[in-house]
Amino acid sequence: MKKLMTGNEAIARGVYEYGTHFASAYPGTPSTEILENISQYKEVIAEWAPNEKVALESVAGAAFVGGRALAAMKHVGVNVAADALFTLSYCGVLGGMILVSADEPGMHSSQNEQDNRNYAKFAKIPMFEPADSQEAKAFIKDAYEISEKYGTPVLYRITTRISHSKGIVELGEREEVEIKEYAKNIKRMVSVPSTARSNRHIVEKRTKELLELSNDCKWNYPIYNDKKIGVITSGSVFEYAKEVFGDTVSYLKLGFTNPLPTTLIEDFAKEVETLYIIEENDPYIEEHVKALGIDCIGRDIFPYTGELTPDVIRKSVYGKDKQVFEENPDKLIMRPPTYCSGCPHRAVFVELGKRKNTIIAGDIGCYALGFAPPYNAMDWVLCMGSSFSTGHGAQKVLNLKKDNDKRLVSVLGDSTFFHTGINSLLDVVYNNSNTINLILDNRITAMTGGQDNPGSGFSAQGEIADVVDFETLVRGCGIKHVKVINPNIKAEVVEALNWAYTLDEPSVIITQWPCVLKRKYNDDDKSKFGEAFKTNCKVIEDKCIGCKLCLKTGCPSLGFKKDEKKATINKNTCVGCGVCKGECPVGAIVKEER
Amino acid sequence: MTKSIILVGVGGQGTITAAKLLTIGLMEAGYDVKMSEIHGMSQRGGSVSSQVRYGEEVHSAVIEKGGADILVSFEKIEAMRYISYLKESGKIVVNDYEMDSVMTIIGAQDYPDGVLDELEKMTDILVIKAGEKAEELGNLKVMNIILLGALIKSMELDNIDWNSIIEKNIKPAFVDINKKALTIGMESVAG
């Protein structure tokens, strides 16, 4: 049977078909749908982990005892998991183990453009790079087999266009794979200096064997056409190159890219007159080819950033793409992403944006949009879980200045707090900070589309899960000053912030209201938030003075009648959070039943 | 010969659903099909695009600038934003429908006048009031299927059994209204 699948769906299908026992992930665009889709197959245990390191470690454990296991994450997630990854390369695995890294050339939804192919080389583990959905499924089988044969985790490197592009995939049945017999092996598995020194040799020997494999395998092969131009490429860029050059040039198509197939590359280079290396992100293949003393064209003409889509390749090689029409910028408006109608983050940033002498340390999640107009309420965003710690360091240094009047407000969400923010809170307490720390608890991992987490009430496969109590947890970390508030009620937000500014010890304000995208509520949340999103707000036109203060909340349900100078509310999209009502100085906005 | 279709709009307008139905129909008709879209940040009221390519053998899932046979825009301004993707001989199907962005709501930008006039000067264009037609049907959301109907007719793909694709892929309660929407869309294309 054939089905149109995204690369993420195809990977999940491969996970199912090729006997996987266990999978774990932390959501992150563009990787999120891999685990979401795996969770639909009841034959596989699929879990959301609190962060990528935990995901990789639990997957390592599953493979230690002989199971087939896969971890999935976005490129920056591998940074979090890297500590486990590098030593995992040394101690090896018994069952097949795959780490999927979804990279983002062009940074559609990411904070950097790092090329995780470097991780395969750095950690000395084999790497696969599928070029389309069909390969994204099929290579899972191959990756497991290589992992088991060589006793090593495998890096499975994809990019946004593999993750989110659909192609036709041939489906198969699930092949059950037996869990291998576990036998204690402390010489290999206990990572201490003495074992690491012997494992180091095993890694080196394995790399040599994998090089032989790379030179003689079905994933790396030349396609000879006219030999004036030869192109070496991998991943979806192979398809882009075929779009531009068709059968007019020769290709060396690489699907197994660590170690790189030295002999194949040398042979191909001898056959063609001019050699192009076309690859997104870093010159990973190019540097290897150049180190072999082979002349090639790569970074000289292809851009170092962004996607190498067919138009970009065409322009780089021929000096011109096919574009004929040019947009008229005067006829455009900017359409940046913004908080949804009813988003519980909105009121927090409306209020924070008004505060004087305040530096706001942000974090990764929907709340990062607080930096943008109309809120302008964020000074920096670094990486997952960094707000409490960057805020702490900043406050410590500012406190050294005479008469410092600047306060740090650090902001993150529930899932980011679980991810690594919790460590930063320990730092804040232990090192006697006086920062104001906000946990915006919207009961879900929102930015990636609403995944469950340890605070949401459900597991990845929809079972009821025990829920973390934020206040207990925060107090357990040693925070003495804690308030839990409803962020949609302006008075609660203002009062909590005023209170926190007066303290010279660290405080935590937990704002608790569900994300509008949250679909499932456990009994406790049902009783707490049962009334959420059941009302509308409306404007009483006679009272509206046309001051536009409500519009400064940036809610997409709001509008303004220019002629009559009255605010409007779209009742189809308004869910009655009441944030605009809180900003209205004349009480012209009221709530009504939907 | 590979054909390229780009569907653009604003997050929540149903471009992805329309593109999904389109690709299923094309696959069932025996074409090789690829589709690409960008999720993530763009879902929060941002500009979105779905790209569909079909033919005997499709390589790139991504349409290059100057490569689209047809640009279907679910919102007026968005047609202008993506015009660079259109071929010289390409045509536009555009929904005469305006959506504010956070920039117009907070008053940082004004929604420009005369977008459709400007597009008409550039190339072959079909303007459809899909919003009004959808409201007449009783559900604004089927705007996307009206536009899908216009696209199907424009690309001469009306020999595929789209009604059965709607039946198999849309929730039963919405099948009838979507079929009607598809017909309205197809009938809005002359010939």
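## Strand pairing across two chains

Two strands are said to pair if DSSP finds at least two bridges between them. In this predicted model, eight strands form an open sheet with mixed pairing, in the order β1(A)-β8(A)-β2(B)-β3(B)-β1(B)-β4(B)-β5(B)-β6(B). The edges are held by β1 (2-6) of chain A and β6 (125-128) of chain B; each has a single partner strand, so one side of each is left without a neighbour in the sheet. On average, and with direction ignored, neighbouring strands of this sheet are turned by 20 degrees against each other.

Where do the two chains meet within this sheet? β8(A) is joined by two bridges to strand β2 (residues 32-37) of chain B, and these strands run antiparallel. In this region A:Lys166 stands opposite B:Met35 of β2(B).

## Within chain B

β2(B) also pairs with strand β3 (residues 47-55) of chain B, in the antiparallel sense and over six bridges. Here B:Ser36 stands opposite B:Gln51, a residue of β3(B).

Helix α1 (residues 15-28) of chain B packs on the sheet. This helix touches β1 and β8 of chain A as well as β1 (3-10), β2 and β3 of chain B. The direction of the helix makes about 5 degrees with that of β3(B).

## The contact between the chains

In total, 47 residues of chain A are in contact with 49 residues of chain B. On the side of chain A that touches chain B, at least two residues each come from β8 (165-170), α10 (236-245), α13 (310-318) and β20 (558-561) of chain A. By class, this side of chain A has 19 nonpolar, twelve polar and 16 charged residues.

## Domains of chain A

The domain assignment of chain A gives domain 1 (2-215), domain 2 (220-318), domain 3 (346-529) and domain 4 (535-593). The centres of domain 1 and domain 2 of chain A, taken over C-alpha atoms, are separated by 25 Å. Their contact takes 26 residues from domain 1 of chain A and 24 residues from domain 2 of chain A.

Which elements of domain 1 of chain A give two or more residues to the side that touches domain 2 of chain A? They are α5 (117-123), β6 (127-128), α6 (133-150), α7 (160-163) and α9 (193-215) of chain A. Of these, α9(A) gives the most, with five residues. By class, the side of domain 1 of chain A that touches domain 2 of chain A has eleven nonpolar, six polar and nine charged residues.

Conventions: Residues are numbered from 1 along each chain as its sequence is written. Chains are lettered from A and ligands numbered from 1 in the order in which they are written. This is a predicted model: local features need pLDDT of at least 70, side-chain atom pairs count only at pLDDT 80 or more; totals for chains, interfaces and linings use all residues. Two residues are in contact if their C-beta atoms, placed from the backbone, lie within 7 Å. Helices (H or I, at least four residues) and strands (E, at least two) are DSSP runs, numbered from the N terminus. Ala, Val, Leu, Ile, Met, Phe, Trp, Tyr, Cys and Pro count as nonpolar, Asp, Glu, Lys and Arg as charged, and the others, Gly among them, as polar. Axes are lines fitted to C-alpha atoms, for helices over the stretch in contact, and angles run from 0 to 180 degrees between N-to-C directions. Domain bounds come from an automatic or database domain assignment.
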